[in-house]
Amino acid sequence: MWAFVFKRTLIALSVALTISVLCFSLLQLSGDLALSIGGPEATAEQVEQIRVEYGLDRPVLEQFTTWLWGAVQLDFGRSYYYQSEVMDLVVERLPVTMTLGILALAIALGVSIPLGVVAALKRGSWIDRTAMAIAVTGQAMPNFWFGLTLIILFAVKLQWFPAAGSDSWQGFVLPAVALGYYATPAMMRLTRSGMLDVLEADYIRTARAKGLRTGTVIFKHALRNAVIPVVALAAVELGFMLGGSVVIETVFSLRGLGQLAWNAISRNDYPVVQAIVLIIALFYIVLTLLADILNAVLDPRLRAR
């Protein structure tokens, strides 16, 4: 088991290093950063002064190593627009994004797993067809459009929840539903297909032949093996939710990392953009690593890979 964990950790570290190189390189390739910071009205002397002030006149490799060493120490420099430490901005906004992502994942799992199990048990019935229709609709519907629909229905007309803001728990309900519904179809289909495969396995037939209750067969024997791939997908989906929160947080005016990233992009605040991209990527890598380890715990056969 420890060899498996060590191998997966090395892979995660190599991916993290690759992401850091890409994160730094993409912004370097986006154009003259000094000119973007100075704006179109800046003179040549002002642009050159900005280039020296922010270290943009140094060799690219030196800039990267300096930035990477600072990132390792959680020092991403100062924001060009907010004129404060980037990490302070991230720490201030991170709880909102994490709360939104965890609530959205809980909603997605709470809907997809029971719906997938029922659809597998009632294969070919109207319940199965309804579940598949929900899955297709969820994948085809843009989450920003679904979010606006929720605002119109539940915030404007029914006035059950606030349309924007994160001052209370009610402010997270609509954005969590909008973000979680997008992840529900994939996990529901995976649960359904996993249950269909497991229910046809020999050990399930043996359990039924021994006279075990249907609930025991389904929840103790079948579901435990069927949800193994769902665990890995849930971690991936949480990473997608954290990265995809830009749209939802903008629609619902939530002061999270997504809204901060949108503001930073629109204002050419490159240190903030780099920090958010790298931090979300690291979250994604760590979640994937934890999912691999949990899968190995649930299914010992994976440890030999």
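## The enclosed cavity

A cavity is a set of grid points where a 1.4 Å probe fits but cannot get out. In this predicted model, the structure holds 1 cavity of 30 Å³ or more. The largest cavity has a volume of about 30 Å³. Rolling a probe the size of a water molecule over the atoms shows where empty space is left.

The lining of the largest cavity consists of Leu94, Thr97, Leu242, Leu257, Ile279, Ile280 and Phe283. By class, 6 of these lining residues are nonpolar and 1 is polar, with no charged residue. Two helices, α5 (86-121) and α13 (270-298), each supply at least two residues of this lining. Helix α13 gives the most, with 3 residues.

## The second largest pocket

The second largest pocket has a volume of about 300 Å³. It is lined by 17 residues, and the closest to its centre are Ala71, Leu74, Phe76, Leu278 and Leu282.

Four helices, namely α1 (2-28), α4, α5 and α13, each supply at least two residues of the lining of this pocket. The largest share, 5 residues, comes from α13. The lining of the second largest pocket divides into 16 nonpolar residues and 1 polar residue, and no charged residue takes part.

## Ser79 in the loop between α4 and α5

Ser79 is placed in the loop between α4 (60-72) and α5. Is this residue, Ser79, buried or exposed? Its relative accessibility is 1%, and a residue counts as buried under 20%; Ser79 is therefore buried.

When its neighbours within four places in sequence are left aside, Ser79 is in contact with Ser84, Val86, Leu89, Asp269 and Val272.

## The crossing of α11 and α12

How do helix α11 (residues 228-251) and helix α12 (residues 257-266) lie, and at what angle do their axes cross? The two axes come within 7 Å and cross at roughly 90°. Angles of 65 to 115 degrees count as roughly perpendicular, and α11 and α12 are therefore roughly perpendicular to each other.

On the α11 side, the contact is made by Ser245, Val246, Glu249 and Thr250, which meet Leu257, Gly258, Gln259, Ala261 and Trp262 in α12. By class, this contact has 4 nonpolar, 4 polar and 1 charged residues. Leu257 of α12 is also one of the residues that line the largest cavity.

How values were computed
Residues are numbered from 1 along each chain as its sequence is written. This is a predicted model: local features need pLDDT of at least 70, side-chain atom pairs count only at pLDDT 80 or more; totals for chains, interfaces and linings use all residues. Side-chain values use heavy atoms; hydrogens and water are left out. On a 1 Å grid over the protein atoms alone, a cavity is a set of points where a 1.4 Å probe fits but cannot get out, and a pocket is an open set with protein on both sides within 12 Å along at least five of seven lines; lining residues have an atom within 4 Å of a point. Grid points are joined across faces, edges and corners, and a volume is the space filled by probe spheres set on the points. Ala, Val, Leu, Ile, Met, Phe, Trp, Tyr, Cys and Pro count as nonpolar, Asp, Glu, Lys and Arg as charged, and the others, Gly among them, as polar. Buried means under 20% relative accessible area, exposed over 50%, partly exposed in between (1.4 Å probe, protein chains only). Contact means heavy atoms within 4.5 Å. Axes are lines fitted to C-alpha atoms, for helices over the stretch in contact, and angles run from 0 to 180 degrees between N-to-C directions. Angles under 35 degrees count as roughly parallel, over 145 as roughly antiparallel, 65 to 115 as roughly perpendicular and the rest as oblique.
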